[in-house]
Each structure stands twice: as structure tokens, then as C-alpha cells.
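Please walk me through the side-chain packing in this structure.

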Amino acid sequence: MPDHTPTPGGVFLSYAREDTDAARRIADALRAFGVEVWFDQSELRGGDAWDAKLKKQIRECALFVPIISAGTQARGEGYFRREWKLAVERTHDMAAGLAFIVPVVIDDTPESTALVPDEFMRYQWTRLPNGVPTPQFVEQVKRLLGGKALEAGRPRPALAQRTGLAAPPPKKSVSPVALWLSLGAVAVSVGVVLFVTSRREQAAPAQAAEAGKPAAPVAVASPAPSPASGKSIAVLPFANLSADKDNEFFADGMHDDLITALAKIRDLKVISRTSVMPYKTGERNLRKIAAELGVATVLEGSVQRAGNRVRFNVQLIDAQTDGHLWAETYSKDLTDVFALQAALTQEIAAALKANLTAGERILIERRPTENQQAYDLYLRARILDQTLQIFSSKEEYERVVTLYQQAADLDPGFTLAHVQASISHGTMFWFAALDATPGRRALAQAALEKARALAPGSPEVQLAQGSFAYTCNNDWQGALDEYRAAEAGLPNDAQLQYRMALALRRLGDYGEALARLERCATLNPSDTRGISTLIETLMGLRRYRPVLAAFDRYRPLFAEDYQIARYRLLAQSELTGDWSAFLRGVANLPPRASDRFGLDAAYNLALYQGKLAEAEHILFDPRLQTVPGLGGTVNEPVALHRAQLAWLTGRPDEAVRFADEAIADYRGRTWSVRQQPAVQLGIARAEALAGRTEAALREGRAALAAQEKLDRWSYPYIRHGLGQVMIITGRTEEALENLRVIMNGFGLMTAGEFRHDPIWARLKADPRFEEILKSAKPL
């Protein structure tokens, strides 16, 4: 094979071996236009001689093109990662703004969760589905090699603006028509249609730069959805044709069970029930629904139950053509309903040409119970369970868990009823407002032990074991291990992906947590809890552009969501530097559901505006019982915030009185293990405000040590509060060190919030304060 070593000014293609075909297509297209390309096809990488040659090529090439894909995502280790590291190291010796790295994504791997070096996030990414180069891509590469930094290879707009760089006018290049003729064979070979972007649209950024107008730093386009795979399906809610309308729960239950069964097939993409329920009523435009959910096929059907008989009518439809792929009518005794569901699942899989493994077939064909009455109770509980929210009442949770328990009582061998009862009890134990008592934990454990005895090793039991480890034992690693085991049998379970993400965040693995949340969003695109957690995690990683893109993509879900809208405003202010716009925006947001009178929102706004008298007036409103603490782990006594304002306004005697009141409040209540570090930090802040430095430092440092042992998710919040303690007690060096740790790691507090926090703002006179804030980068 000829050696395509690039001469200085050439392109180095870096790729995982799974992406060889795509890399070859890119290399061939570039070579066709005289671009020198280093494209290694050897499987025998390694050795001193090879390493030396590799370093030389990366050191001498003009452009480094890393190919990013599901293949690179799946490989935590690989020679390509060494190449990436070497390329990043070379940038450290380059002048700011010099075009060198040109990331190319060949599938729908999200930029926000890509496992790539941080340096890659500084550049605009190019998407070439299946590695098919567009005329614009080839033209851009040639311009970059000619020294003209266009969008693909220059720093992102925000960075370019900070460094004072502007894009030079584009160099005259090869006609797109000529490029089309040369690339036509490549396009035909993979059956992909390419579209030429108008030259007017391409020229707009350069024209703006020539006119001295910086590109708007927050103009973020939501990514277009990838073409849906033929093995993707949305099962729309079934129509209930039963004469007895009380059987609505049965139609809903059959619908839920079918989705659950299909979701066990790894070769399929199955949309979760939460995201298809909005289409239960109203006119159905199947093509529009499929596009919104990202699937190629839709299943519609009806259920009719009469006495001991049940009748199913189902039809599988190609959403693009409206053509029927398959249709069937089933009429069975209720005693055969599980066999009917198994047959229906397997027929759908066959129609979609999905591979069904022997293990998946066994899971699908299981009969969960022989007791129809127990099954009816279970179905009622499942449907009701899916309506519960974080702020649902204890009584609402009790209704659900009672139905599960009644089903288990009728059939003690009904594993799924025990599984769901254990998970529900554990959820109630997790939330202090519901029932964080030893008795509730014992109920969760008892139900889990029954499920484990009946079906040890089943994916549902592994899910329950993971849930118990998380909610009842604060054992994040144990929970994650169980969830990973369950995933083999529940590959399309969106809630499992969500639970895994939560455990990963507690362990500090934010990269995989993001990947899991993206997967959850794909399977359940209408789930506000999953999407909001995704946006929250992006905020903590300071990936502000992806935050805006995610908000735009899922905007209809968050019309009334205070916190997500606030994240959007914060992200925008970090990119523009316009804090006043944030204040105006947040002042117009509807309050969160838990902030019934809008007092918490008004209090925080007054603090950020520096209106301390107004903030203190709000604290004396009797309707304000507590103030939510950072991270939401505990609600803080109002007295703690009164003490803070008294200290800020030079009233030490009042600060002591309110601080003592806050300490008594903290010590007079019962707290869970998970809440104790936040409580201890609250006491530390109160001691500092009262002028008791030794006690404040002792409590604050103990709180940090306890949080370090507990989890990483709440760690930045404790650091934030401890930094305030250091400021109050006059320890500037330690306060700045806490700030440095926060800004170098994960944290939801933005630089703007630190600048306008009335306590942290006391460090503004120290130039290191601003230096640390400006040093923060996306993680």
C-alpha cells in the first residue's frame, strides 16, 4: 500500500477501527482534490518506531481531523485517543485562534455527551453522516489549508470574540458544481443524498466579520433529528372499545405491557409510554408524530374486553408512506392474555426485521401471574404510578403502593408486584416529606426479599435491588452495578437509563451520566424529569451552548418550568456577559410549583440586585416558612437568612440572635444521612454569622469531610457554603481556594452568580477573585 504521509500542509485523519470505511471515504474525497492525507489502515499499531512516526505526522500536519462516532463513544481506550492527546498537546504551542483541529462526527453522537478532550469543544464541529463528505466540507478543508480559518476549524464564536479574532474573507475556491461531480460516486456508494447549502448562507458569517459585527454568541441551532432507523417504533395508546368504560385501565395496561415487552428487544428502539400518551386524544398525523418521536414506524390498535374474552386489533404503519407493514386481529380468553402479548411482540419484531435473541424470547414469554384479579390490580397500580410527580403527596404514593401490595397478596408468587412495591416504598423513604422512617425502609426491604426469592437474577429484580441500594442505602456504586446488570434484559428502559445517570452523577462520572441522559431523552423525549436532569447536568459542566440548544429543542416541555427557564437565562448571560438581561428575564418567570407565593424567587432576585432591605422585608413575610438550600437537599431556616442580612448590614447583635434561632431549628429536627452534611454546613454558617469562628470552622470542615465520603453531586454546594464561612470569618486565602476548586470542577453556580452573591462579592477587590472566575471552562 502506498505511504500517504502528508507533506507539511496535509491532513491527519484520526479514527477508531470501526470507522475505517467512513475515514476512507473522507480521505478519498480530499485526495481527489489534491489534499495530502495521512490515513493509516494498519491494524498493527504500536511499537517504538510506530510511535515515533505517529508523533512526527501529528507534529507536521496542517490539520488534525478526529472522527467522532458511536464507535469512539463505546471505546474508553484506543490508539486513536493517544492521537487525540498528541494533537491537543500540540495546540499548547500554537498561537491563539490558529486553525488546527477539525472535529468530524459521522453519526448522531451528541456533541454535549461526546467523550472527547476538552480542547475539541473549542471548535465548531462538522457532521458528515456515514462519513460522506459534502462539497462544503472539502472546500472548507482546502481553505483552511490555505490559511483561511472558516467555521469548521476556528475557535467557537464566543472564544473568537474574546481573543479579538475575526474571520477573513473567503478565498476563491473550487466550484460546488465541480465538487458535486467528483463526489457523486461517493454519495451513490452509500445511498445518501447530499444537499448544497446556498452560497449566500455560507458567506453570511464572513460578511458580518468584514463589517465589524461580531457573530451573536448565543445563536444556537437545535440539531436536526437523525433519520429514524427502520427498527424504531412508537406504540400509540390503544382505543378502549369495551362497553364497560371502567376497562379503560385494562386498555392502558395492555398498552404499557406491550411497550415493556418490546423494550426488552435490544435490536429495537422503543419510545416510552410517557412520550406517546399525549397522542391518546385528538387527530393523529402519523408522519408528524413519528418525526416528533424520532421513529420510522407507528403501531395503532384497539382493545375490547367483554366478560372473559379480549379482542385486539393492531396495525403497524410505515410513518413516511402511511403504508401498512402488518396488521392482525386477536381474540382470546383472558387466561391467554400473556400468550397473546408474547405473540404480538414477536410478530412486531419480525415485521421490523429485528433480531430476537433466545434470552429475549424467554423474557417476553414469561407469565407474570396466573391470577387475573391480581393482574388487574397491578395494571391499575402501574398506570397510576406513572402519574406521580416529585411533589405528589404521601397519600397519592400510598394509593399506588397499596394496589401493588393487594396484587401481591392475591398472588404471593407475583414477582413484578413485589418489585414495584419495593421501588415505591424506597421512593417514599428517599423523600423526607413522604416517609423517611425506618419502618418505610423495612417495607421496601421486605418486598425486595420476596421478589429476590421468587426470581433471583431477573432484570426487574436487579432493577429493584439497584433502587433499594440507591434510595435506602445511599450506595451509589452498588446501585450502578445492579442497574448495569439489569440493562442486559431492559435495553430500552428509559427510566433505567435515568436511574443509572443519577447514580453516575453521585459518583462524579458526569461524562457517562450525560450519555445515559441522552439515551433517556431518545427513548422518552416527552419526559420532563429526564430532560430537565439532562439540562441541569449540562449546566453543572458549564456547557452553556448545549444548554441553550437543549432548551430550544425541548421548549414545549418547559413552558411553566421556573428552574429550567432560569438555567437558560443563566447560560445566556454567561455567554453574553449581560447580567442585567438575566435579572430582567428571571423577574418575569412564573414561580416554581413549590414556591406557592413566589417569595423564594423574589428573595433571591432581591439579593442578586443588591436590594438587601427588600430581601429582608420578604423574609419577614409569615407565608415564607423555609428557604430552599443550594442543591435542594434541605430547606434552610428563615432565621439563617435573617442572620445573614443582619451581618451584611452591620447589625451584629441581631445576627447573633437570628443565628442562634437557626441553630436551634437545625438541631431540633430529624435529618437523614444524606442531609446531614448540608445541615452541618448550615450550622457552620450560623456560627460564623454569630462571630464564633472556631465553632464555624469546625462544623464547616466536618461538613465537607462528610460530603466527600457521601457523594460528589452535592460536594460543590458544600464547598460554596464553606467558602462563605471563610469570607465571614476573614479567611480570604481559604475562601479563594474553595472558589478555585469549585470553578475547576462540576458546579451549578455560574461566574455571574458568584459575582453578585452578597457574601462572595466581598472578594471583588482582590484581583484573584475575577481571575478564578474567568478561568472556568466547559468540562
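A residue counts as buried when its relative accessible area is under 20%. The model is predicted. C61 has a relative accessible area of 1%, so C61 is buried. C472, at 8% relative accessibility, is buried too. The structure holds zero disulfides.

Aromatic rings come next. Searching the whole structure gives 21 aromatic pairs. In one of them, the ring centres of F12 and F64 are 5.5 Å apart and the planes meet at 20 degrees; the cut-off for stacking is under 30 degrees, so this pair is stacked. F12 belongs to strand β1 (residues 11-14) and F64 to strand β3 (residues 63-68), and the pair links parts of the chain 52 residues apart. Both residues are buried, and F12 and F64 form one aromatic cluster with W38 and F100.

For Y378 and Y404 the centres are 5.9 Å apart and the planes are at 50 degrees, so that pair is tilted. Y378 sits in helix α14 (residues 372-385) and Y404 in helix α15 (residues 394-410), so the contact ties together parts 26 residues apart in sequence. Y378 is buried at 5% relative accessible area, and Y404 is buried at 0%.

Two rings have an arginine over the face: R506 lies 5.0 Å from the ring centre of W476, and R657 lies 4.6 Å from that of F658.

Last comes helix α34. Its twelve residues (732-743) should span 16 Å at 1.5 Å a residue, and the end C-alpha atoms are 16 Å apart, which agrees. The buried residues of α34 are A735, L736, N738, L739, I742 and M743. They cover an arc of only 155 degrees around the axis, and therefore lie on the same side of α34. Their cover includes α33 (715-728), α35 (751-756) and α36 (767-775).

Methods: Residues are numbered from 1 along each chain as its sequence is written. This is a predicted model: local features need pLDDT of at least 70, side-chain atom pairs count only at pLDDT 80 or more; totals for chains, interfaces and linings use all residues. Side-chain values use heavy atoms; hydrogens and water are left out. Helices (H or I, at least four residues) and strands (E, at least two) are DSSP runs, numbered from the N terminus. The expected span of a helix is 1.5 Å times one less than its number of residues. Buried means under 20% relative accessible area, exposed over 50%, partly exposed in between (1.4 Å probe, protein chains only). The arc is that of the directions from the helix axis to the C-beta atoms. Contact means heavy atoms within 4.5 Å. A disulfide is a pair of cysteine sulfur atoms within 2.5 Å. Rings of Phe, Tyr and Trp (its six-membered ring) pair if their centres lie within 6.5 Å; planes under 30 degrees apart count as stacked, over 60 as edge-to-face and the rest as tilted. A charge sits over a ring if NZ of Lys or CZ of Arg is within 6 Å of the ring centre and within 35 degrees of the ring normal.
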